[in-house]
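This briefing is written to be read beside the sequence and the structure. Please keep both in view and look up each residue as it is named.

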Amino acid sequence: MEAEAIRDNILLVSDVPDLRMGGPGFSAFEVQKENVRHYFPKKSYGPSDWRRMIYMTKVRQEQDSVFGVFDCPDASQTVPKRSRSTTPLQALNLFNSVFSMGQSRHMEVRLRSEAPLGVEQQVQHAFALTFSRRATADELRSSIMFVNSHGLPAFYRAMLNANEFLFVP
């Protein structure tokens, strides 16, 4: 999927998107104003940043720190067709970014409230929300072991990196 769809789907699955239409956008950068503006990737995200990516304010010659590696268009250039690539940086950004870690904590809250009966129910609910299917017996077994060892946020970050979440067949 494109960067915009990946980010929007992460927000939807985490149950935090701001689906308002119109109005001011959000910025992926912290701005330092001197003689010229300096843009730095945000170190924290809040509800004002959870709008759909179509509302993201584009800064010329600056890429979003997470989704720029997913061939998100550069606002300083026009091209007839968006490039498509698969790189290790994409997986690393989805697994380690401040945005992904924050969303994984929101997903943990959602799973604990919507599937309060324990890890097995939470894993099955995560599969239903993220992949629109039930986990197989093997997936369920290994997922429960993973959650018991590393926690729900790490499990969700791993799910975000699954081909099943990122690619449309």
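Predicted model: local features only at pLDDT ≥ 70, side-chain atom pairs only at ≥ 80, totals over all residues.

D15 sits in the loop that links α1 to β1, the strand of residues 29-33. The backbone at D15 has a positive phi of about 65 degrees, although the residue is not a glycine, and D15 is partly exposed, with a relative accessible area of 46%.

**Another residue with positive phi**

- S132 is likewise a residue other than glycine with a positive phi, in this case near 60 degrees.
- The place of S132 is the loop between α4, which covers residues 119-131, and α5, which covers residues 137-150.
- With a relative accessibility of 68%, S132 counts as exposed, because the limit for that class is over 50%.

**The chain as a whole**

- The chain contains 7 helices and 2 strands, and, when followed from the N terminus on, its elements come in the order α-β-β-α-α-α-α-α-α.
- The radius of gyration is 17 Å, close to the 15 Å that the globule rule gives for 169 residues, so the chain is as compact as a globular protein of that length.
- Of the 169 residues in the chain, 38% count as buried.
- When contacts between residues at least 6 apart in sequence are considered, 62% of them join residues that are at least 24 apart.

**Two helices in contact: α1 and α3**

- Helix α1 is made of residues 3-14 and helix α3 of residues 98-114, and their axes come within 8 Å and cross at roughly 30 degrees.
- Angles under 35 degrees count as roughly parallel, and α1 and α3 are therefore roughly parallel to each other.
- On the side of α1 the contact is made by R7, I10, L11, L12, V13 and S14, while α3 contributes F99, Q103, H106, M107 and R110.
- Sorted by class, this contact of α1 with α3 has 6 nonpolar, 3 polar and 2 charged residues.

**Salt bridges**

- Side chains of opposite charge can pair when their charged atoms come close.
- R20 and D18 meet through their side chains in a salt bridge, with a distance of 2.7 Å from N to O.
- Within this pair, R20 is partly exposed at a relative accessible area of 46%, whereas D18, at 17% relative accessibility, counts as buried because that class holds residues under 20%.
- D49 and K42 also meet in a salt bridge between their side chains, at 2.5 Å from N to O, and here D49 and K42 are both buried.
- R133 forms a salt bridge with E139, in which the closest N and O atoms are 2.8 Å apart.
- R133 is partly exposed, with a relative accessible area of 25%, and E139 is partly exposed as well, with a relative accessible area of 24%.
- Salt bridges that share partners join R133 and E139 with E164 into one network.

- Is L166 buried or exposed? L166, which lies in helix α7 (residues 163-166), is buried, with a relative accessible area of 10%.
- Leaving aside residues up to four places away in sequence, L166 touches M1, I6, L94, L160 and N161.
- L166 and M53 are 113 residues apart along the chain, and their C-alpha atoms are separated by 16 Å.
- Q124 belongs to helix α4, and at 12% relative accessibility Q124 counts as buried.
- Which residues does Q124 touch, not counting those up to four places away in sequence? Q124 touches R134, A135 and L140.

Terms used:
Residues numbered from 1 in each chain as written. Heavy atoms only, no water. Axes fitted to C-alpha atoms, helices over the stretch in contact; angles between N-to-C directions. Helix = DSSP H or I, 4+ residues; strand = E, 2+ residues; numbered from the N terminus. Parallel < 35°, antiparallel > 145°, perpendicular 65-115°, else oblique. Contact = heavy atoms within 4.5 Å. Nonpolar A, V, L, I, M, F, W, Y, C, P; charged D, E, K, R; others polar. Salt bridge = Lys/Arg side-chain N within 4 Å of Asp/Glu carboxyl O. Buried < 20%, exposed > 50% of the residue type's maximum accessible area, 1.4 Å probe, protein only. Rg over C-alpha atoms; globule rule 2.2 N^0.38 Å.
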